[in-house]
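Student: I am new to this structure. Please take one part of the protein chain and go through it closely.

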Amino acid sequence: MTGNHKDKTITRRRALAVTGGTVAAGGLAVAGYQSAFADTETTADATATASATSTSSACMTLMTSVTEGPYYLDGALVRKDITEGKSGVPLTLRLTVVDATDGCTPVPGAAVEIWHCDAWGYYSGYTTANPGGSAPAESEDGSTANDATYLRGYQIANGNGVVKFETIFPGWYTPRTCHIHVKVHTGGEKEDGTYEGGKVNYTGQFFFDDDIAQEIFTLEPYSKHSGSYTTLDNDMVYDGGGASSGLLTLKAVKKADPSKGYKGFLTLGIDPDAESTGAGSGAGGDGGTPPSGAPTGEPPSDAPSESATASASASS
């Protein structure tokens, strides 16, 4: 399978409130990561970040709040690599949280939470939900991912308001376009491996260029999910606002080979005094309906632990 990942490390951060100390979210090179997940910033990366910041004046514009959708779960883990062995094209996200009400100053200590579907359109915690079209059962992917926690996680912004995630390019499900969900929290702290307290300032979604997404969906394992893919123009949530509506700036790791992965950049302009309910505004719709009897609440007791992932990292 293209871009097959193994869960090698889960990064843990010290607890802090938004007004507390800063955490280096991405300053260390972690042994064992693929080149697409290299934790160094090149000149090209900095240029892409600047481009993502300036596009549609995103830095000076409050991000468009949209629905959290039906697949949210409380208690995601604080970690950088959220793949848990799920296969797909590597995707490194570099996100910068700024205060759009105060001259785009960084928001150190902000907790950025993301969650998204796997290459076939399945979400952890909802693996029986049919993604539409024709796809293998989620259990056929051959990974060792925990069905309640994969492709979900938090990172805490460093002094420059920056977080990094290592994941895979999401697949799709009917009737949505390819996307990643995001919440930005402030005022809480890390506790028992997750993030507790504070408030949600922003609930949104990240989106992907149609041409890039559709090229990736011709690759394994994505190609095993056939059906009608929804483009940005026809999506029920994306409103066409570009970066301020969550459209990522994407940079190929190797232009001639999309299977090597992408780096995604976006500046999130938030109001740290605001509180988001998760209801959103979007272009319409709620992103679909979860299956009956879907789980809620904390991750299960057998969720990946800090000690287990540290051991995996040491042996890699």
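Tutor: Start with the contacts of Val184. Leaving out residues up to four places away in sequence, Val184 touches Val97, Ala110, Ala111, Val112, Lys199, Val200, Asn201, Tyr202, Leu268 and Ile270. This is a predicted model, so read each contact as part of a prediction. Val184 lies in strand β6, which covers residues 179-191.

Along the sequence, Val184 and Ala111 are 73 residues apart. In space, their C-alpha atoms are 5.7 Å apart. Is Val184 buried or exposed? Val184 counts as buried because its relative accessibility is 0%, and the cut-off for buried is under 20%.

Now step back to the whole chain. Buried residues make up 56% of its 316 residues. The chain exposes about 12200 Å². Carbon and sulfur atoms supply 48% of that area. Among contacts with a separation of 6 or more, 82% join residues 24 or more positions apart. The chain has 3 helices and 9 strands. In sequence order, they follow the pattern α-β-β-β-β-β-β-β-α-β-β-α.

Last, look at confidence. The mean pLDDT of the chain is 79. A value of 70 or more is reached by 69% of the residues. Over residues 1-40, pLDDT stays under 50. The model has 128 contacts beyond four places in sequence for residues 1-40. Residues 46-57 also have pLDDT below 50. That stretch has 20 contacts in the model beyond near neighbours in sequence.

Methods:
Residues numbered from 1 in each chain as written. Predicted model: local features only at pLDDT ≥ 70, side-chain atom pairs only at ≥ 80, totals over all residues. Heavy atoms only, no water. pLDDT = per-residue confidence, 0-100. Contact = heavy atoms within 4.5 Å. Helix = DSSP H or I, 4+ residues; strand = E, 2+ residues; numbered from the N terminus. Buried < 20%, exposed > 50% of the residue type's maximum accessible area, 1.4 Å probe, protein only. Areas by Shrake-Rupley, 256 points an atom, 1.4 Å probe, with all protein chains shown as cover.
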